[in-house]
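Here are a few notes to read alongside the model.

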Amino acid sequence: MLNKIPVPPLKEVLRIDGMSKIFAQSSHKVQALKNVHCTIYEGEMVAIMGTSGSGKSTLLNMISAIDEPTEGKLFLFGEEARNIYKEPYASKFRKEQIGFVFQDFHLLKDLNVEDNIAIPLILNDVSSKEIAVRLEKVLKQLGIYEWRKHRPHELSGGQKQRVAIARAIIHQPPILLADEPTGALDVNTTDEILQLFVELQHRTGQTILLVTHDPYVASFSDRVLFFHDGAITDSYQNKKAASDLDEILARFKSISRGEV
């Protein structure tokens with residue numbers, strides 16, 4: 001009888017435990033998140049899908065300590081992330097633990113590619129020698145070395161997003177948050193950026209949390225969490241097969257119609 005090779009347990013990177021968020025308006029209250037529980041594991045790419053107003057962006061704001069939940073806790077590598085919703089802890093948490101990729105790139109127009117990418121390292125007081133080493137590595141890794149002296153207005157949409165991704169990962173954060181990262185790109189460039197995320201995940205073990213409303217984008221992930229009315233109402237484990245897109249689309253349509 002053959003001995004089975006033990007499978008190492010998945011390493012927890014991020015855990016959200018009972019998170020809720022209520023926004024108090026002048027005449028009423030809006031519950032943007034409702035008792036959300038989820039765990040993200042090391043090296044996973046997880047897509048968060050939902051219609052506009054379903055709570056996706058609110059969840060990202062809680063994870064990145066931009067906003068504070070009304071209830072619930074956030075755990076990083078199994079330990080409760082205490083005080084992260086208060087300054088200076090919030091800024092320190094984001095600088096060290098989180099990388100951001102946005103739909104509209106958020107590049108500084110007066111800085112060239114190198115300087116835009118180096119911003120997180122400068123904020124973390126990394127030496128100029130170390131910055132130069134990391135810059136060369138990430139510029140080559142993302143295929144933008146020849147554009148290093150260019151400014152954002154001289155770049156295509158895909159090149160701008162590559163610069164934004166380089167900036168998000170250069171300080172080696174354990175969690176990469178991507179908010180509609182292909183929303184401003186054409187179809188061919190979308191494929192290029194999605195393949196880049198997959199390559200980044202497989203080559204470096206980067207953990208990626210990707211917000212999207214596009215089933216095609218979600219099909220590149222390992223797992224899809226479906227949001228509706230502030231709560232996770234369904235999930236799907238991609239099989240890396242042609243059937244994934246149809247299954248994600250069917251579930252998304254059902255949730256969008258309120259059939260949950």
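1. Phe220 has a relative accessibility of 14%, so this residue counts as buried; the term means under 20% relative accessible area, with exposed being over 50% and partly exposed in between (1.4 Å probe, protein chains only). Tyr216 comes out at 32% and is therefore partly exposed.

2. A word on the basis: this is a predicted model, where local features need pLDDT of at least 70, side-chain atom pairs count only at pLDDT 80 or more, and totals for chains, interfaces and linings use all residues. Residues are numbered from 1 along each chain as its sequence is written, and side-chain values use heavy atoms, leaving out hydrogens and water.

3. Rings of Phe, Tyr and Trp (its six-membered ring) pair if their centres lie within 6.5 Å; planes under 30 degrees apart are stacked, over 60 edge-to-face, and the rest tilted. This rule gives two aromatic pairs. In one, Phe100 and Phe102 have ring centres 5.6 Å apart and planes at 5°, so they are stacked. In Tyr216 and Phe220 the centres are 5.3 Å apart and the planes at 80°, so that pair is edge-to-face.

4. Which charges sit over rings (NZ of Lys or CZ of Arg within 6 Å of the ring centre and within 35 degrees of the ring normal)? Lys21 lies over the face of Phe23, 5.1 Å from the ring centre, and Arg148 over that of Tyr145, at 4.0 Å.

5. Finally, strands S1 (residues 12-24) and S2 (residues 29-41) pair in the antiparallel sense over nine bridges. They form a hairpin with four residues between them, and Leu14 stands opposite Ile40 in S2. Strands are DSSP runs (E, at least two residues), numbered from the N terminus, and two of them pair if DSSP finds at least two bridges between them.
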